There are 2 protein chains.
Amino acid sequence: MASKPSIPKGTRDFSPTEVAKRQYIIQIIKSNFEKFGFQPIETPSFENSDTLMGKYGEEGDRLIFKILNSGDYLGKANSAHLENKDSTKLTSSISEKALRYDLTVPFARYVVQHQNEIEFPFKRYQIQPVWRADRPQKGRFREFFQCDADVVGSKSLWQEVELVQLYDTVFTTLGLEGVTIKINNRKILSGIAEVIGASDKLIDFTVALDKLDKIGEDGVKKEMIEKGIDENAILKVQPLFNFTGSISEKIEKLSSLLSASDEGMKGVEELRFICDNVAKLGLTSATLDLDVTLARGLNYYTGAIFEVAPPKSVAMGSIGGGGRYDDLTGIFGLKNMSGVGISFGLDRIYLVIEELNLFPETVTATSKALFINYGDAEAFYAMQAIQKLRASGIKVELYPDNAKVAKQFQHADKRAIPFAVIIGDQEIDSKSYSLKNLVTGEQILVDFEKLKDALL
Amino acid sequence: MASKPSIPKGTRDFSPTEVAKRQYIIQIIKSNFEKFGFQPIETPSFENSDTLMGKYGEEGDRLIFKILNSGDYLGKANSAHLENKDSTKLTSSISEKALRYDLTVPFARYVVQHQNEIEFPFKRYQIQPVWRADRPQKGRFREFFQCDADVVGSKSLWQEVELVQLYDTVFTTLGLEGVTIKINNRKILSGIAEVIGASDKLIDFTVALDKLDKIGEDGVKKEMIEKGIDENAILKVQPLFNFTGSISEKIEKLSSLLSASDEGMKGVEELRFICDNVAKLGLTSATLDLDVTLARGLNYYTGAIFEVAPPKSVAMGSIGGGGRYDDLTGIFGLKNMSGVGISFGLDRIYLVIEELNLFPETVTATSKALFINYGDAEAFYAMQAIQKLRASGIKVELYPDNAKVAKQFQHADKRAIPFAVIIGDQEIDSKSYSLKNLVTGEQILVDFEKLKDALL
């Protein structure tokens, strides 16, 4: 191979520092998932194609990575499609497996397949990569991790309360204070659609309303009318154009606005329960806000809808989202299994924490000290100490070769190893170690106990 | 979908308990890798096909999972191969990417691609899944994890010494005492081949010799002669038929046996350095043993060869292996980059630990206590305590619904949650909690501090 090797577009190699930082975030998410009673599961990277196909719409089907059958796959290929060179139709006859596209459909498949072993309500979390044949662009990759926590088998709104707390706890632990957890409810949106008399215009309505800050009330109304929403209908939801105040004030506004819609009022009650209890229990660093323009996942969410915005100082889209869906497992034949879940956007959280310089300095994959190698006798003396230090949990290493000392120090420097340990005849004779702080340049002669204390 | 969904053969779902146990093993491997100065990297799940193809032999090429190109892949397919229905030849024109088959080739690709950013010697570890289209059978899967630690850029034999210590440390930490770390050296095997005058018969020779315990000296010799090894040649290595004693005794035997072979003697010197230093530094629970029949990875190993056998009470193949290879990155155009590494067999280690009942009881993904839900007022009181307990790092949860109490206790029981917390009017009035030990049945009334202490 003549040219330098490369990796497929949209994929990434992670260096030691990047892995350490990602693991730091994942570890915090994971430990909080567990504190909240969620249990981990893992599913295979690839599923049978019929488990995935048709679950994400036509666009989704196109973006699923298909795995070619092994062996003589053309032997079993559909001849007509092969002859017509119809790629789309041929695929199912030469590919039976596909890489998972998200963690939600595999989770639904897991719940249905293992329903007799699972004790419901089932609180599961899953942190695994997913793959999408999307056009790669800044911040969008073909392989990326999803971090999901879901509960299935209970309609209790206490779950929503806890998921808001979970977001607050994770971001607080990450030092990422000031995030906004936006909440809405699918039933509120249905109520609005009912009141404006145009269910099919709901997306147009919320998209336009979301521009209030940018283009003002007149601009928003103009856009709504252009989209074919009736002027009188718009008047009926006039309060939404001045939708400010505390959450309870907003809920009261919605309550009077949607009084004619049973479903809307159900949404108001749900919001009230969730927001009241979150307020009474209190959040640590996040703010809960009611955002009636929040319409993500409109097709499958049936109750609460969540989205998390980073602190306002950072220009970045949502770093988490989720909601309540009443029929997750219906696609696999198990009815009446309500679920609610949230997801953390690992890559974006990484970028936000990096930008705000919030990674602790201790997040590093490097060693605490490098023992300089002056030859086999010295190396053996070093190894005796290294063995004991490692047994105490301290990351230390020996430079493997008896190379030039300057080169060895340069190695420590380039790897940001903070200490060097120097061992010569003098140290061996006096059963001691010269410990050099590579940041300050200070060098001291110490016995083993002091060495250990300094490196702990 | 009418029938119950399933997963592709050779793949696995992991339940919460299985994930917790796997994570327990991985965490111990990972933390010891880091103590020994290894740094994590991660590479993409799929590589460009030309990175992988041709690196594992013809059989390997066949077992690599190929990913179908997106979009109109038949448009760019080779017409002749398509017409001839030649699956093997067509593949490269409809598939540009493939799932990684091991971690070694992607690591070599990583080192070459990032050679200007890497500070050598580079000690990396990598714990990621790999995929092989092998025929699934007991203990062999199509998706499984590899856990590899390698050093590249140094020929120092101190690395081999440390890798033996690393095996010892990991298995000791896992409580898996009594493993045997077998060591051999490619140069010893070359020396033997030289002495018996039959390099091409080396595998036949070691395979036969390995049966000494089973079929006795005469049986082994008979097999060797049947394989075409000269009787006089066999006589020259007669000491190998009584190859017992301490490692140093074995090394002395080899030293006189291979004195005519320069390469063999080089192997003896390497073995002596490694084994002497390992002995002088001492192992905790593992035993190092010299096994001249050990010939794994004969094609690519150039120095030390390692293999780890589980304790003799367990009938199971090797649970780890590795060795020194002098030209890992040559396939991608970077010469003279010697490397040495070891691997841990996660699935087999799991089975051994399970069989010997060595998983600590604390390895579980379940909560410490379930708060019984008697209605919203009681649930709110519970949530106040739950919030504070979680802030102290304690895993607790509220049963989300106000279901029948018996059902809630059954839920705790089925999930092996050890405590239940019961809250009624009496508890709320007296600012206390009834804590029930679900193992002993004992129930006590406690204040919050005592509750916390009991669940810590």
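Which residues in H9(B) meet which residues in H10(B)? To find out, select helix H9 (residues 202–209) of chain B together with helix H10 (residues 212–226) of chain B, where helices (H or I, at least four residues) and strands (E, at least two) are DSSP runs, numbered from the N terminus. You will see Phe205(B), Val207(B), Ala208(B) and Leu209(B) from H9(B) meeting Leu212(B), Val220(B), Glu223(B) and Met224(B) from H10(B), with contact meaning heavy atoms within 4.5 Å. In this contact 7 residues are nonpolar, none is polar and 1 is charged; here Ala, Val, Leu, Ile, Met, Phe, Trp, Tyr, Cys and Pro count as nonpolar, Asp, Glu, Lys and Arg as charged, and the others, Gly among them, as polar. The two helices pack at an angle of about 145 degrees, their axes being 8 Å apart, where axes are lines fitted to C-alpha atoms, for helices over the stretch in contact, and angles run from 0 to 180 degrees between N-to-C directions.

A word on the source: this is a predicted model, in which local features need pLDDT of at least 70 and side-chain atom pairs count only at pLDDT 80 or more, while totals for chains, interfaces and linings use all residues. Residues are numbered from 1 along each chain as its sequence is written, chains are lettered from A and ligands numbered from 1 in the order in which they are written, and side-chain values use heavy atoms, with hydrogens and water left out.

Next, show both chains and colour the contact, to which chain A gives 107 residues and chain B gives 107 residues. Across this interface the rule finds 8 salt bridges, a salt bridge being a side-chain nitrogen of Lys or Arg within 4 Å of a carboxyl oxygen of Asp or Glu. One to select is Lys414(A) with Glu119(B), at 3.9 Å from N to O. On the side of chain A that touches chain B, helix H15 (residues 376–391) of chain A provides the largest share, 7 residues.

Now select Glu34(A) and Lys395(B), which form a salt bridge whose closest N and O atoms are 3.6 Å apart. This pair crosses between chains, from helix H1 (residues 16–35) of chain A to the loop between helix H15 (376–391) and strand E13 (396–398) of chain B.

Finally, turn to the backbone, and select Phe120(A) and Pro121(A), which are joined by a cis peptide bond with omega of about -5 degrees. Pro121(A) sits in the loop between helix H6 (104–113) and strand E5 (122–131) of chain A.
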